[in-house]
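User: I have a chain open here and would like to talk it through with you. Could you start with the terms and then take my questions as they come?

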Amino acid sequence: MRAPLILFALAAPMLLSACGDPAPSYIDQAWVRLSPNKETPSAGYFVIHGGDAGTQLRGVLTDYALKVEMHESIDKDGMMTMQAVDRVDVPPKGTVAFMPGGKHLMLWGVNDTAISRGKMQLTFLMGNGDRLLVDAVIRKPEAAGAAAAAKPKGHEGH
């Protein structure tokens, strides 16, 4: 009678850990590159990390821009172009990067309050019903230009 009780006591933590919630998806490295012209859209970038179960990114919302769309840069007949994307698959335990030259957000009319604060909150709408709130750092156009100006001269074209 004692042996089964001891086995149960030893096995209980493993059984309970199997009942835990699956690891969730999350988003990090979020940033927005402001357009130097307020009439043209800014671009947003981030990395989605898939949890134990696959899901989809269905959209992104913010109170700090007039409009947000997901886009993807593609090679179409030898020309780079952009097309709107309505959802992005996120594989289990995989990553999907929204980065310059690939998938990205287009943000029209970024709010001056967000610009002065240096960040804006984005709400990511996931296919499993989750809403992930993430602060994206805002990088002003002059910051990008200053980084390019800091590169050593005399190595252009090599």
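Analyst: Helices and strands here are DSSP runs numbered from the N terminus, where a strand is a run of E of at least two residues. In that sense Thr123 lies in strand S9, which covers residues 119-126. Please keep in mind that this is a predicted model.

User: Ok, is Thr123 buried or exposed?

Analyst: Thr123 has a relative accessible area of 14%, and because the cut-off for buried is under 20%, Thr123 counts as buried.

User: And which residues is Thr123 in contact with, leaving aside its neighbours within four places in sequence?

Analyst: With those neighbours set aside, Thr123 has contacts to Gly59, Val60 and Leu61, and also to Arg131, Leu132 and Leu133.

User: Let me zoom out. How many helices and strands does the protein chain have?

Analyst: There are three helices and ten strands in the protein chain, and read from the N terminus the elements follow the order α-β-β-β-β-β-β-β-β-α-β-β-α.

User: What share of the residues counts as buried, and what about the accessible surface?

Analyst: Of the 158 residues in the protein chain, 32% count as buried. The accessible surface of the chain comes to about 10400 Å², and 58% of that area belongs to carbon and sulfur atoms.

User: What about contacts between residues at least 6 apart in sequence?

Analyst: Among those contacts in the protein chain, 64% join residues that are at least 24 apart in sequence.

User: Back to strands. How does S8 pair with S2, and how with S4?

Analyst: Strand S8 (residues 103-108) runs antiparallel to strand S2 (residues 42-49), and three bridges join them; within that pairing, Ser42 has Leu107 in S8 as its bridge partner. Strand S4 (residues 67-76) also pairs with S8 in the antiparallel sense, over six bridges, and here the partner of Glu72 in S8 is Lys103.

User: What does Gln29 touch, not counting residues up to four places away in sequence?

Analyst: On that count, Gln29 touches Tyr45, Phe46 and Val47.

User: And how far apart are Gln29 and Ala97, in sequence and in space?

Analyst: Gln29 and Ala97 are separated by 68 residues in sequence, while their C-alpha atoms lie 9.4 Å apart in space.

How values were computed
Residues are numbered from 1 along each chain as its sequence is written. This is a predicted model: local features need pLDDT of at least 70, side-chain atom pairs count only at pLDDT 80 or more; totals for chains, interfaces and linings use all residues. Side-chain values use heavy atoms; hydrogens and water are left out. Two strands pair if DSSP finds at least two bridges between them. Helices (H or I, at least four residues) and strands (E, at least two) are DSSP runs, numbered from the N terminus. Buried means under 20% relative accessible area, exposed over 50%, partly exposed in between (1.4 Å probe, protein chains only). Contact means heavy atoms within 4.5 Å. Accessible areas come from the Shrake-Rupley method with a 1.4 Å probe; for residues, only the protein chains shown count as cover.
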